[in-house]
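Here is a quick briefing to read alongside the model. Take a look at it first, then work through the topics below.

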Amino acid sequence: MTLFLQFLFAGLTTGSVYALVGIGFNIIYNSTSIINLAQGEFVVLGGLMMWFFLHSLQLPFSVSLCLTLLTAAIIGLIQERLTIKPLLKKGDLLLMIMVTIAFSILIRGILMFKFGKDPYTYAPFTEGEPIEIFGAIITQQTLWVIGITALCIVLLYLFFNKTMTGRAMKACSLDMKAARLMGINVSKVVMLSFLISAVIGAIGGIAITPISLMEYDKGAMLSVKGFCAAIMGGLGKSRGAVVGGFTLGMLESLTAGYIHSGLKDAIALLIMLFILFVKPAGIFGKTEILRLRKF
Amino acid sequence: MILEINNVSKSFGGIKALKNINFSVKEGEIHALIGPNGAGKTTLLNIISGIEKMDSGDIRFKNISIKGIPPHKRAALGIARTFQNLEIFGNLKVFENILTGLYLKNQKGFLKSGITLKGIDKDLIIQSFSILEYVNLLNKKDELAKNLPVGEQRLLELGRALATDPHLILLDEPAAGLNMRETKNLSQLIQKIRDEKAITILLVEHDMELVMGISDMITVLNFGEVIAEGEPLMIQKNPSVISAYLGED
Amino acid sequence: MKNLVKASLLIITIAIALIFTPKDSYCKEPYKIGAILSVTGAASFLGEPEKNTIIMLAEQINKAGGINGHPLEVIVEDSKSDETQAVLAAKKLIEKDKVLAIIGPSTTGESMAIIPIVTQAKTPLISVAAGASITQPVQERYWIFKTAQYDTSAVEAIYNHMKNKGIKKVGIITITTAFGDAGRKALIEMAPKFGITVVADERYGPKDTDMTTQLVKIKSAGAQAIINWSVGPGQVIVTKNWHALKLGIPLYQSHGWGSKKNLELAGKAAEGVIAPLGRLVVWDKIPDKHPQKPILKKYVSDYEGKYRSEPGTFGGHAYDAFMMVVEALKKVGPDKQKIRDYIETHIKNWPGTGGIFNMSPKDHCGLDMKAFEMVIVKNGDWEILK
Amino acid sequence: MSKGNAIGLFFLGIFVIFFPQIVTDNYILTVGIFIGINALVAMGLSILMGYAGQISLGQAGFYGLGAYVSAILSLKFGLPVPISVFISILTASLIAVILAIPSLRLKGHYLAVATLGFGEIIHIILNEWGPGGPSGFGDIPPFSIFGYTLRSTVEYFYLIWMFIILAMTFSLNLIHSLTGKALRAIHDSELASVTLGINITKLKIKVFVLSSIYASLAGALYAHYVTFLSPSGFSLFYSILILMVVVIGGMTNIWGAIAGAIIITILPEILRGFKEIDILIYGLILTFCLLFMRKGIVPLFIEIWEKRIKK
């Protein structure tokens, strides 16, 4: 029991980050049908920039936090304005997926230039002894990570359901043409979706860095895993990404715990492929007829 | 009867786009399908060509049910179509667009294509030219399709559909965006296709002059239902048709 | 007119200055040595200090008048931690630059990839990577040497220490890279010799974020100690997880642990971690009479003076490789066969940064477990265990 | 095949035959070999992207599969090299079919996703179960055929470029056949293509299998040339590198695969001086190409050339 609980906690920690990255994927996918493969880079950006403000500039925690989120938002904005907007009109999805890859390499290059290849870390948000629950141990930072993820989910839910802007974005994801006819500024929605995704990724990075350290090239792995999470939950369904992320984290941890740790990455990917082939709309989604896409 | 639509229904997220549609198209006729915007005309064409699935009902083509047959196989059976929002292959040359239509009856294996040195048969190219001549586009054969004006793109789509050697062509608003002269040429061309090639035509069109001028039979749709059917003169006098159109205007 | 006079005066002054500048004995043809190092890419933490070391040493030697009057020309190629690039670099050094010997590559995989090439070209290769397969079987590795300690030696040092402490069951956790894999194989293979059983064999990826699952599993398998074998962030995460879980069993790290950076990143979580480290890392803590001490002192202070960072164990491997080649060149001149023979037969009781080397036709590495000191982390610093 | 392409191929052939006679530098020939290997992988992806409108992020998986299967069969099972190369290609294309059928039946980016997952799985498998694990393994037999073993760099140069010319001929024939027109049609409008009776799923699967064949062949040649393999060269990074080759060279023209391979293979040699910012430069080049030179180098040059002729 203790053992199982301990595996569960480990799964929750990694699952939180996967979920946050997965949500980022979905927000952008909904507004543009693009798979933003630079999503993981924003997690890295969050962790490294936080370190930069905290340790290099010696700023207080709250200021560093705000500045980090601001930086991420700006980079997200730059990505959309510079690389997505000019291509969106062309409607060539193939090109847009590639440009997100290009942008991820760009961010990675800049981060390496600035921070080098060393890993970075900073102190946990609260100092203190780990907590024991039924014999299983959970660090305070882990609780922070899970708590922050939960908070993000709640805030996003409120945003998309209770605010005008959020509703407009939701409308866009259902039918872009109709949304445009209804007078929604689609270009703004796309921009906003990149901005929000960037900030969410950065939040994940800020929270996880004290546990897992952060280095410039961690993003690709996070993108792949976050993407698995999004696929598992059904691409485009925000709730799906949350469940997908935690399921994935849990599965990895349980595989490592009960089967073998060498297999945990393969298991995650195999499940993703399986879902893709058998139930492409995700665990929860209904398989709809996917329309022919015009390239 | 070359095409029979039996009790076809279709709904999109709770909204019924088509309700128990029944009508049939006689071989060798120009059959028009008219109705106000949102009446479900294009949806019906999509269902006939197999791009969208119907919820219930049956469609018979040449007395065979084509329910559940994928679109490319329907094309092989002899159903061709054009699109309201032009779907030409913009990056291909005009005559190459026709070649894509000829692919259906002249395709070779993938491997064979890779080891055949001489490329596309001369015969096929000549055939594509004669189709272009038929639709009056021969002088544009080497241009990129995307550089053609809308009117000629519509002709190109028609030519491409002809290249598949069909028995039935579904025309989705072929006159949209054309000027008077172009519309007139188009109507002559459509009649020529029926008369010379004996191809049946199912025409969705808003231009009433064109419809009334060339159709042998007209079916009127409104809110997903057939409200009238008959020859042009009869339809023009039908009170429910008039009210449907007046209601729109 | 005035300007013209000024200009000609200037030219004359420069010309005189050039003529009378003491030449660095550039009258003799330079000796060319090649180096293939992972300066960028995944293994850049190895290649970077290695490259710095070699450039620094070459400068020092040329400043001191070169080798027997011949200047030394070192051509460093970046293999980008990629075997394909290493092959290309080896071809270039041999065919184009016609070097007398090659130092590197930094990783075992890259070294293995170029062994056929240097063997065919009959060029001595002194690898700075650790894998035992680089120099074994030694009869097939006629031209190949290496200066990094065997993984097996590090394992031996750890198991020896455990034996003395009465530890009989260990759980190992290794990274899924060539480094971790080599360690894993050595750990499993050598355990019986020391009466030790490996009760858990866990792994993690180079970009994994949390290893608590593996550690808990090791503990629950009844291990009395944990051995982690990795380089990079993984070893710090394992340390942090180990500390947070309060497992109550000691954590051993590999010889890859020897960087102050790790202590900084792990903070107080690193307290009590034990690892076999080369003397380079703890050079200021070894007794003055130790034969390695003067070499280490000079090397570390030179390096830190020039690059403002610590050279680490890996820079040391390049130091040893380079100095072996230089000594051979000094004694036998520019002859590839003679350089090889000299290294094989004359590097005896030879103090380097990695240990005291004893090369022989049977051993092209020349180091054993005596190259390591068992070091524990105490108060944020290293402390040698007696 | 069009006249221009036939002439191009002829000159490529002449060039390949005489290049090693003029340039005897083994280093440059080795660079040439690696250009050839990258070009072969890129050629498949170029047809897939430019003609079937699909993207694969897992070409490294097929490349690695080809390399490992052929190496293992010849080393551990003692099969003659050409046979093991053949079996490795067969294995890769079989897996391509298994992967393609479900993901190409769906519309959109599912192939990108599936191949991404596939590539990573192959990487993990090679790490876990490949001979030597992450450390890799050596002593792979060199390429030999009819009892003759290829040893020198020149021989491998000829071998690899012979395969390039063969693959190029096949690809050009295909593109200029009626099937090629159908493929281009799919790229422009899937909707119109199906209504013309083109079985787009089947054609896409075939193109995907073709791309896997090229990639696995390249991998097998790599294995028997370098004679050492480790999983590190077959990661997502290589898939993206090949993607860059195709984008830079131009995906609507398969000559672009060769041009792109030349640039991407030589670029690291040029960038040696910029070691800290090389990733940045890669990113900038790729972004630039996608935003401002979408067609890629080869189609761009053809366009400029045609304009000049018209004048």
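Domain bounds come from an automatic or database domain assignment. With that in mind, chain C splits into domain 1 (31-149 + 293-370) and domain 2 (152-285 + 372-384). Keep in mind that this is a predicted model, where local features need pLDDT of at least 70, side-chain atom pairs count only at pLDDT 80 or more, and totals for chains, interfaces and linings use all residues. Residues are numbered from 1 along each chain as its sequence is written, while chains are lettered from A and ligands numbered from 1 in the order in which they are written.

**How the chains meet**

- Chains B and C don't touch, with 32 Å between their nearest C-alpha atoms.
- Where A and D meet, 39 residues of chain D are in contact with 38 residues of chain A.
- On chain D's side, helices H4 (81-105), H5 (110-129), H8 (190-195), H10 (236-249) and H12 (278-292) each supply at least two residues; helices (H or I, at least four residues) and strands (E, at least two) are DSSP runs, numbered from the N terminus.
- H5(D) gives the most to that side, with 10 residues.
- Sorted by class, the side of chain D that touches chain A has 24 nonpolar, nine polar and six charged residues; Ala, Val, Leu, Ile, Met, Phe, Trp, Tyr, Cys and Pro count as nonpolar, Asp, Glu, Lys and Arg as charged, and the others, Gly among them, as polar.

**Two helices in chain D**

- H5(D) also packs with helix H3 (residues 59-76) of chain D, at an angle of about 35° and with their axes 8 Å apart; axes are lines fitted to C-alpha atoms, for helices over the stretch in contact, and angles run from 0 to 180 degrees between N-to-C directions.
- The crossing of H3(D) and H5(D) is left-handed, meaning that the near helix is turned anticlockwise from the far one by less than a right angle (clockwise would be right-handed).
- D:Ala60, D:Gly61, D:Gly64, D:Leu65 and D:Tyr68 of H3(D) meet D:Phe118, D:Gly119, D:Ile122 and D:Leu126 of H5(D).
- That contact has six nonpolar, three polar and no charged residues.

**The sheet in chain C**

- Chain C has an open sheet of five strands, in the order S2-S1-S3-S4-S5, with parallel pairing; two strands pair if DSSP finds at least two bridges between them.
- S2 (72-78) and S5 (144-146) of chain C are at the edges with a single partner strand each, so one side of each has no neighbour in the sheet.
- From one strand to the next, the twist averages 25°.
- Strand S1 (residues 31-37) of chain C runs parallel to S2(C), joined by seven bridges, and C:Ile33 stands opposite C:Val74 in S2(C).
- Helix H11 (residues 312-332) of chain C lies across S1, S3 (101-103) and S4 (125-127), at about 165° to S3(C).

**Between the domains of chain C**

- The C-alpha centres of domain 1 and domain 2 of chain C are 28 Å apart.
- Here 22 residues of domain 1 of chain C are in contact with 19 residues of domain 2 of chain C.
- H10(C) gives the most to the domain 1 side of this contact, with four residues.
- That domain 1 side divides into seven nonpolar, 11 polar and four charged residues.

Notes. Contact = placed C-beta atoms within 7 Å.
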